[in-house]
Amino acid sequence: MPILNKDMTLCISLSARPSNNGTRFHNHLYGQLDLNWIYKAFAPTNLEQAIAGVRGLGIRGCAISMPYKEDVIALVDEMDPSAKAIDSVNTIVNTDGHLKAYNTDYTAIEQLLATNAVPTDYSVLVQGAGGMAKATVAALRDGGFKDVTVIARNEAAGRALAGQYGFQWRAAVDGGTADLIINVTPIGMAGGAEADSLAFPAEAIEAARVVFDVVALPAETPLIRAARVAGKPVITGAEVATIQALEQFVLYTGVRPTPEQVRAAEEFMRAQ
């Protein structure tokens, strides 16, 4: 990374519980590509003021994480179809003070379902109804999955999300099982109140054919560890983080790194 200087381009992330994933991934790529850029994570105390800072300070890119993916919509100037279609934002690009919002979470979920060859006739339980859940459920629908149930304690949000895509809603797992189970809540996230909790009960894990946890930190969440012990194929939040961060990098810089450069940045991100 170059020495800090007045001409550096700044990108940031906003999250209630920031991790070093994006910071390490983006900065490593800046170094590989000899870009005079720097990336820094923040936990904002006021989202509106933070976005005003992005605009006013000329910050080029801003990644948006839980719980701000929906609240930030009112603060941007334009919604790309990737964000508008699901009313969820994880990326903001600032071009001369014009803030355009995108969603690269959808791309990551879509790619991982395809590359892991998850059969579209699998039944699916998706736990959560926030911004990341919106991207996940949309990717499932667009990928051809038909038998999907949204699990959400918030009935209004859960019913709305499920109904938008023609799926079912229920308030809790309550003994339910499916071929594919997906956690899109903060359960199992490092630093949270439920960091040591399982997002799904043991019987749901045992019955599943594939277990998917979008939580990226730690890479081995309690759900992923339990699934590995049960001998289940897993898709991890660390994989989601790599793909969505790569697409953010391209939106910010206009440069698409080589697969080798991405692999090196991913390895650096995970070696923390």
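The model is predicted. Its open sheet has six strands in the order β9-β8-β7-β10-β11-β12, with parallel pairing. Because β9 (168-170) and β12 each have a single partner strand, they stand at the edges, and one side of each is left without a neighbour in the sheet.

- Strand β8 (residues 148-151) runs parallel to β9, and three bridges join the two.
- Within this pairing, Thr 149 has Gln 168 of β9 as its bridge partner.
- Helix α5 (residues 131-143) packs on the sheet, where it touches β7 (124-127), β8 and β10. The direction of α5 makes about 160° with that of β7.
- Helix α6 (residues 155-164) also packs on the sheet, touching β8 and β9. The direction of α6 makes about 165° with that of β9.

**Strand β10 and its partners**

- Both faces of β10 are covered: Leu 180 and Ile 182 are buried on one side, as are Ile 181 and Asn 183 on the other.
- β10 pairs with β7 in the parallel sense over four bridges, and Val 124 has Leu 180 in β10 as its bridge partner.
- Four bridges also join β10 to β11, and these two strands run parallel.
- In this second pairing, Ile 182 stands opposite Phe 212 of β11.
- The chain passes from β10 through α7 to β11 in a right-handed β-α-β crossover.

**Helix α8**

- In helix α8 (residues 222-229), the buried residues are Pro 222, Leu 223, Ile 224 and Ala 227.

**Cysteines**

- The count of disulfides comes to zero.
- Cys 11 is in no disulfide, and the nearest cysteine sulfur, that of Cys 62, lies 9.0 Å away.
- The closest cysteine sulfur to that of Cys 62 is in Cys 11, and the 9.0 Å separation is too far for a bond; a disulfide would need the sulfur atoms within 2.5 Å.
- Cys 11 counts as buried because its relative accessibility is 0%.
- Cys 62 likewise counts as buried, at 0% relative accessibility.

Technical notes. Residues numbered from 1 in each chain as written. Predicted model: local features only at pLDDT ≥ 70, side-chain atom pairs only at ≥ 80, totals over all residues. Heavy atoms only, no water. Buried < 20%, exposed > 50% of the residue type's maximum accessible area, 1.4 Å probe, protein only. Pairing = 2+ DSSP bridges. Contact = heavy atoms within 4.5 Å. Axes fitted to C-alpha atoms, helices over the stretch in contact; angles between N-to-C directions. Right-handed = clockwise from strand over helix to strand, strands pointing away.
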